[in-house]
Amino acid sequence: MASSSSASIQVLNRMYREAGVPGTILDKHHTSWTMEQIRDILHFYGVGGRVVAASTNLTKLELMRRLAPLVEERGLTRFDRLEIARYSRGGGGRAGGPRPPQKPVVLRTTASGGNHDTRILAEVKQSPPTTPSNDETAQQLAQPTWSTNEPPEAVSARDVTGAEASNPPCAVCFEDLSTQTSPDRKITNSCSHELDVCRPCLSRSISTQFTSKVWNQIDCPTCGERLDFHDVKDFAESEIFERYDNHSLRAFLSEHQEGQFQQCRSPGCQSGQQCFPEQDSYMICQTCKGQTCINCDTLWHPGMTCVETEAARKRIEHNAEEISAKEYLAVNSKLCPKCEVRGQKVEGCDHMRCPRCHHEYCWVCLVDYGVIRQRGNGQHLTDCRYHTNNLNQGLGH
């Protein structure tokens, strides 16, 4: 299901690019826009007249094609989007406050990608603007801004219904949410809950999930809905997103490319490239020039088969484990002075008793403890900390 959703988004992204529509407009990705929101802005600026605003025949992509040049032509921002939405949700001024002024056309030189973009821009310019009524004009002259009592920051902090923005606590750190710490949109398109996690906590949640779960199974910390590529891009730390993006690219290439995507196995190299196992036995990395065996996914092993290489690797690992075990025993175990069985001290004092022959001895200097009982601590070796000369008090173990 996740791969199907990802593929659908990739297809949509390609369609929007081919249509000359930016992926993100007014701080909202094209997948986050509703057709009603797009129509509100187009109707407000009279693009295509009321036919566009009321039509159900136009697709979302066609509406976005009209929205993109309008945003560029008028220099619209996220603040304008919120103000228009608030006005429209209030019934065109009856309950949403006075009509905000339309922004004039910004005279700028735009770098057109071709006749397609020019045609869209011309289509917008030829559309007749909506003329406000005399009452609305009077309202605009008398009240040129949304509110004479509130700064723009206060207005932009409101939601589209015009209700005052509250400051509920973050569900993770319990600090009050604010316009600076709260995400500027829903965590995922599927989330139906209010924003209740601050950006720092959301970012930490993504980092924790990315390092402890499968890379593409990152969920909303509140409701458990799956985050898509754009959600992770917007909310994750740059380092985490870079790693996520690399995983996503490799998964896409492995799924859609002909042949096989092979990761370079040279130490320190993070590159990879397309290869064809039916034609080649190894890959030469275009970045580091290192050689990787395509069949067994290890460094290239000339003169040895993959089976021989795996056997050699296991021998090396086995020898390393043996050496490590011997080094550990040399440091942490000793031979019984009487029967020479190897023993290990786990805890307790240094007065040892062999589990096989029951011989008692000092763990530090291996001297027979029976002799120490008869003649005292002076029988320990002179460099043993239990020797009489090395004790602060004349006591044994």
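R373 and E360 pair up in a salt bridge, with their closest N and O atoms 2.7 Å apart. Since R373 belongs to helix α13 (residues 369–375) and E360 to strand β11 (residues 360–362), the pair ties together parts that are 13 residues apart in sequence. Keep in mind that this is a predicted model.

How covered are the two partners? R373 is exposed, because its relative accessible area is 53%, and the cut-off for that label is over 50%. E360 has 21% relative accessibility, so it counts as partly exposed; buried would mean under 20%.

## Other salt bridges

Searching the whole structure turns up 11 salt bridges. One of them joins R265 to D297, with 2.9 Å between the closest N and O atoms. That pair links distant parts of the chain: R265 sits in the loop between β3 (260–263) and β4 (272–275), while D297 sits in the loop between β6 (291–293) and β7 (298–299), 32 residues apart. R265 counts as partly exposed because its relative accessibility is 36%, and D297 gets the label partly exposed with 32%.

E317 is partly exposed at a relative accessible area of 40%, and R313 is partly exposed at 33%. There is also a network of salt bridges, which links R185, D231 and D234.

## A negative patch

On the surface, E237, E239, E242 and D245 gather in a patch of negative charge. E237 is found in the loop between α10 (229–235) and α11 (238–256). With 40% relative accessibility, E237 counts as partly exposed.

Helix α4 (residues 60–74) has 15 residues, so at 1.5 Å a residue it should span 21 Å; its end C-alpha atoms are 21 Å apart, which agrees. This helix is mostly covered, with 11 of its 15 residues buried. Among them are the charged residues R66, E73 and R74, along with L61, M64 and V71.

The buried residues of α9 include C201, S203, Q209 and F210.

How values were computed: Residues are numbered from 1 along each chain as its sequence is written. This is a predicted model: local features need pLDDT of at least 70, side-chain atom pairs count only at pLDDT 80 or more; totals for chains, interfaces and linings use all residues. Side-chain values use heavy atoms; hydrogens and water are left out. Patches are made of residues with over 30% relative accessible area and no salt bridge: like charges are joined within 9 Å, nonpolar side chains (Val, Leu, Ile, Met, Phe, Trp, Tyr) within 5 Å. Accessible areas come from the Shrake-Rupley method with a 1.4 Å probe; for residues, only the protein chains shown count as cover. A salt bridge is a side-chain nitrogen of Lys or Arg within 4 Å of a carboxyl oxygen of Asp or Glu. The place of a charge is taken as NZ of Lys, CZ of Arg, CG of Asp or CD of Glu. Helices (H or I, at least four residues) and strands (E, at least two) are DSSP runs, numbered from the N terminus. Buried means under 20% relative accessible area, exposed over 50%, partly exposed in between (1.4 Å probe, protein chains only). The expected span of a helix is 1.5 Å times one less than its number of residues.
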